[in-house]
Amino acid sequence: MSISAALVKELRERTGAGMMDCKKALVETNGDLEKAIDFLREKGLAAAAKKSGRIAAEGIVESYIHAGGKIGVLLEVNCETDFVAKNEGFRNFVKDIAMHIAAAKPLFLTRDEVSQETIEHEKEILRAQALNEGKPANIVDKMVEGRVSKYFKENCLLEQEFVKDPDKTIETLVKEQIATIGENINIRRFVRWEMGEGLEKKVDNFVEEVMSQVNKG
């Protein structure tokens, strides 16, 4: 069914949950606002949203080196207490995120990190692609906006589909972890290196190699 933006906004204001989580909740409950609130509470997402404003100054830096040393990731994830930082479940969560970064190659943490210059450059390319496909000029801008949104989903870590469970985004995974441990969690920063990056070399499918390791985990 079609869910209006106004209804999604109202649910978001009442629960503090993310936009995509609100939309999913409304779809699952056929647009029933009260049932959608219950749905988010059952998933722990409404509670997670309330915790997201709390200061998270503890945490860990996790490293992941792909077999053979071809890809390396350093990731900082913060939580509120040292107790949680030492928790096995939290550490496994961070390790999963590091492995995801190795496989999915995000360029940014959130869309807020994408410069306006980069966005405009992408729009120019996407607009040219749409026109070359013979699309009518009056709908090209709308198509470009849709494709820019796809660009964010493909390149921003929090918006990417989790490699182990594509039904969830990394942002959803973070909120579920917040609900589980009862503390705010914040993915602060990451770096990803790929051996020989920027050099002319034989192209290997490192993503497939990493995914094979992920699937074994």
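Q: What is the relative accessible area of Glu154, and how do I read it?
A: Buried means under 20% relative accessible area, exposed over 50%, and partly exposed in between (1.4 Å probe, protein chains only). Glu154 has 44%, so it's partly exposed. Keep in mind that this is a predicted model: local features need pLDDT of at least 70, side-chain atom pairs count only at pLDDT 80 or more, and totals for chains, interfaces and linings use all residues. Residues are numbered from 1 along each chain as its sequence is written, and side-chain values use heavy atoms, leaving out hydrogens and water.

Q: Which residue forms a salt bridge with Glu154?
A: Side chains of opposite charge can pair when their charged atoms come close. The cut-off is a side-chain nitrogen of Lys or Arg within 4 Å of a carboxyl oxygen of Asp or Glu. Glu154's partner is Lys150, with the closest N and O atoms 4.0 Å apart. Both sit in helix H8 (residues 137-155), four residues apart, about one turn of the helix; helices (H or I, at least four residues) and strands (E, at least two) are DSSP runs, numbered from the N terminus. Lys150 is partly exposed too, at 49%.

Q: How many salt bridges does the structure hold?
A: There are 13. Among them is Arg188 with Glu76, at 3.2 Å from N to O. Arg188 lies in strand E5 and Glu76 in strand E2 (residues 71-79), so this pair ties together parts 112 residues apart in sequence. Arg188 is partly exposed at 43%, whereas Glu76 is buried at 12%. Glu76 also forms a salt bridge with Arg189, with 2.6 Å between the closest N and O atoms.

Q: Which residues make the nonpolar surface patch?
A: Val61, Leu74, Val191 and Trp193 make a patch of about 380 Å². Patch residues have over 30% relative accessible area and no salt bridge; like charges are joined within 9 Å, nonpolar side chains (Val, Leu, Ile, Met, Phe, Trp, Tyr) within 5 Å. Areas come from Shrake-Rupley with a 1.4 Å probe, and for residues only the protein chains shown count as cover. Val191 is found in strand E5 (residues 186-194) and is partly exposed at 36%.

Q: Which residues of H6 and H9 meet?
A: Contact means heavy atoms within 4.5 Å. Gly89, Phe90, Phe93, Ile97 and His100 in H6 meet Ile170, Leu173, Val174 and Gln177 in H9.
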